[in-house]
Amino acid sequence: MDKHKQLFLTIKHKKKLNHQIIILDFGSQVTQLIARNIREANVYCTIQPFHEPIVWNKNIKGVILSGSPASVNAENSPYVNVLEIASKVPVLGICYGAQLTAHTLGGKVENSDMREYGRAQLNIKDHACPIFKNITNHPQVWMSHADTITQLPNDAIIIADTDTIPIAAYQITALENPIYALQFHPEVTHSEHGKQMIQNFILDVCQANPSWTPNSYIEETVTLIKNQVGDNEVIMALSGGVDSTVAAMLISKAIGEKLHCIFVDNGLLRKDEFEQVLINYKTLGLHVKGVEAAATFYKELAGVSDPEGKRKIIGKLFIDVFQQEAKHYPNAKFLGQGTIYPDVIESVSVSGGPSATIKSHHNVGGLPEKMNMQLVEPLRALFKDEVRRIGTQMGIAPMFLQRHPFPGPGLGIRVLGEVTAEKVKMLQEADAIFINGLKEESLYDTVWQAGTMLLPVQSVGVMGDERTYEFTCALRAVTSVDGMTADWAHLPHLFLAKISNEIINKVRGINRVVYDISSKPPATIEWE
């Protein structure tokens with residue numbers, strides 16, 4: 001466990017204000033959705049890898065075992081001692097967690113003849129079970145498993161089935177603390193009343209106190225930062241986005257003028273963003289220094305087309321810029337970052353657990369030792385909507401909080417292939433038309449994130465009776481709650497036609513516009 005997280009947990013445990021649910025991550029890509037459902041009930045929770053020992057304290061009220069792509073019958077499959085955990089607190093097993101519980105307690109789990117994936121109707125057999133409180137019969141649930149439970153352990157009772165699965169949920173109540181197990185995934189939106197099931201477990205079974213609110217988070221995080229930073233100073237990169245802004249305001253609330261903010265123009269920002277963001281930050285009372293470094297970034301990116309290569313170059317150059325700026329702040333021993341949970345999950349997995357790596361994020365991970373700096377990441381455990389709620393509670397203006405997410409590497413990963421100043425300018429113009437159009441038509445707040453990609457594809461066109469051979473740009477707009485899953489936004493066709501026409505007419509070098517209708521998964525929101 002990294003020192004920052006350990007300090008965060010230690011402070012919370014000392015204050016003894018919030019009850020806590022532990023989620024053991026076995027590698028599911030949707031483990032974080034369990035956490036979202038718990039936090040929406042104002043109960044604090046943390047996700048930790050299954051192999052990391054639980055540091056028990058009286059505030060821990062329950063443990064949830066996540067799903068996993070693994071099979072309990074495979075050699076070296078993920079394992080925890082479920083009985084030992086149940087001797088301390090109630091347990092909820094989800095999918096793999098349900099199979100692991102059955103397998104380790106004497107039941108049988110076997111490979112299904114066919115993979116069970118998708119929607120199913122749940123037949124609740126025991127309406128008195130607290131997990132199903134206030135839930136009517138036959139809710140739709142989401143299945144995603146290759147193995148199935150064919151025999152239950154002793155003292156286990158079936159509490160739900162489906163037309164194809166005889167054991168869709170079971171309970172064991174003969175132990176010191178009850179165990180509930182669900183073969184389906186209540187955490188995903190496809191499962192009707194799934195959130196209610198999870199909240200029934202944490203509130204009714206675990207008796208967790210719903211006291212984890214934006215106010216309590218702000219108070220505890222400010223205490224964390226004060227203890228972590230002490231009399232030292234912090235330097236921090238700002239992007240103008242929600243995450244870095246809220247993180248900076250939390251740090252500023254804790255240490256005041258000992259926070260020094262830096263906004264780097266890497267040449268990969270949106271049109272006129274550098275100047276506008278600096279003006280906006282003056283309204284928050286933050287000390288922000290603008291650094292123009294576009295030429296340096298363009299030089300290092302020349303000839304590089306690989307997406308991961310570009311991300312790493314951009315990330316390294318940010319560190320290099322900070323090394324230079326840090327010389328002006330000799331008492332700055334800490335670097336503030338607006339890292340949030342999805343960044344961590346997609347980069348290295350949740351809390352170092354076994355989840356698969358999707359792509360690297362330049363703002364996740366340690367700094368070079370030669371900088372001799374530690375990270376201050378007050379939002380590392382939060383999802384985007386939680387960050388916005390914290391910002392609202394702090395009185396931050398909507399112009400900061402309602403901004404769409406923007407990737408750390410900026411337009412560097414929206415110019416597919418090699419990045420040049422000419423391509424960036426072309427993309428900036430097209431992107432400005434798209435984003436401004438969304439705002440003018442009152443569509444901006446209806447989507448989670450929108451942006452324009454410049455594709456390394458040229459095609460023939462006809463403009464003014466002349467043949468053109470120019471680039472294609474792709475418009476991308478998605479709806480989402482936290483960015484972990486997303487659906488393409490169903491923007492009006494007339495609007496898309498208007499934007500396409502305006503881009504082609506006004507942006508020299510682009511003669512074709514397409515609209516991305518891919519969802520996440522299987523696609524990601526960004527193309528690189």
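Predicted model: local features only at pLDDT ≥ 70, side-chain atom pairs only at ≥ 80, totals over all residues.
Hi everyone, let's start with the pocket. Rolling a probe the size of a water molecule over the atoms shows where empty space is left. In our model, the second largest pocket holds about 500 Å³ of space. Which residues lie nearest its centre? They are R270, K271, E273, R403 and K439, out of 21 residues that line the pocket.

Now, where does that lining come from? Three helices each supply at least two residues: α8 (273-281), α13 (398-401) and α14 (421-440). Of the helices, α14 gives the most to the lining, with six residues. If you sort the lining by class, you find seven nonpolar, seven polar and seven charged residues.

Next, please turn to the helix pair. Two packed helices are described by the angle between their axes and the distance between the axes. Helix α6, residues 214-229, packs against helix α12, residues 384-393, at an angle of about 85°, and the axes are 9 Å apart. Angles of 65 to 115 degrees count as roughly perpendicular, so α6 and α12 are roughly perpendicular to each other.

Who meets whom here? From α6 come P214, N215, Y217 and I218, and from α12 come R389, I390 and Q393. The residues of this contact divide into four nonpolar, two polar and one charged.

Let's finish with N215, which sits in α6. Is N215 buried, exposed or partly exposed? Its relative accessible area is 48%, so N215 is partly exposed. Between N215 and E300 there are 44 Å in space, C-alpha to C-alpha, and the two are 85 residues apart in sequence.

Terms used: Residues numbered from 1 in each chain as written. Heavy atoms only, no water. 1 Å grid on protein atoms, 1.4 Å probe; cavity = no way out; pocket = protein on both sides within 12 Å on 5 of 7 lines; lining within 4 Å. Points joined across faces, edges and corners; volume = space filled by probe spheres on them. Helix = DSSP H or I, 4+ residues; strand = E, 2+ residues; numbered from the N terminus. Nonpolar A, V, L, I, M, F, W, Y, C, P; charged D, E, K, R; others polar. Axes fitted to C-alpha atoms, helices over the stretch in contact; angles between N-to-C directions. Parallel < 35°, antiparallel > 145°, perpendicular 65-115°, else oblique. Contact = heavy atoms within 4.5 Å. Buried < 20%, exposed > 50% of the residue type's maximum accessible area, 1.4 Å probe, protein only.
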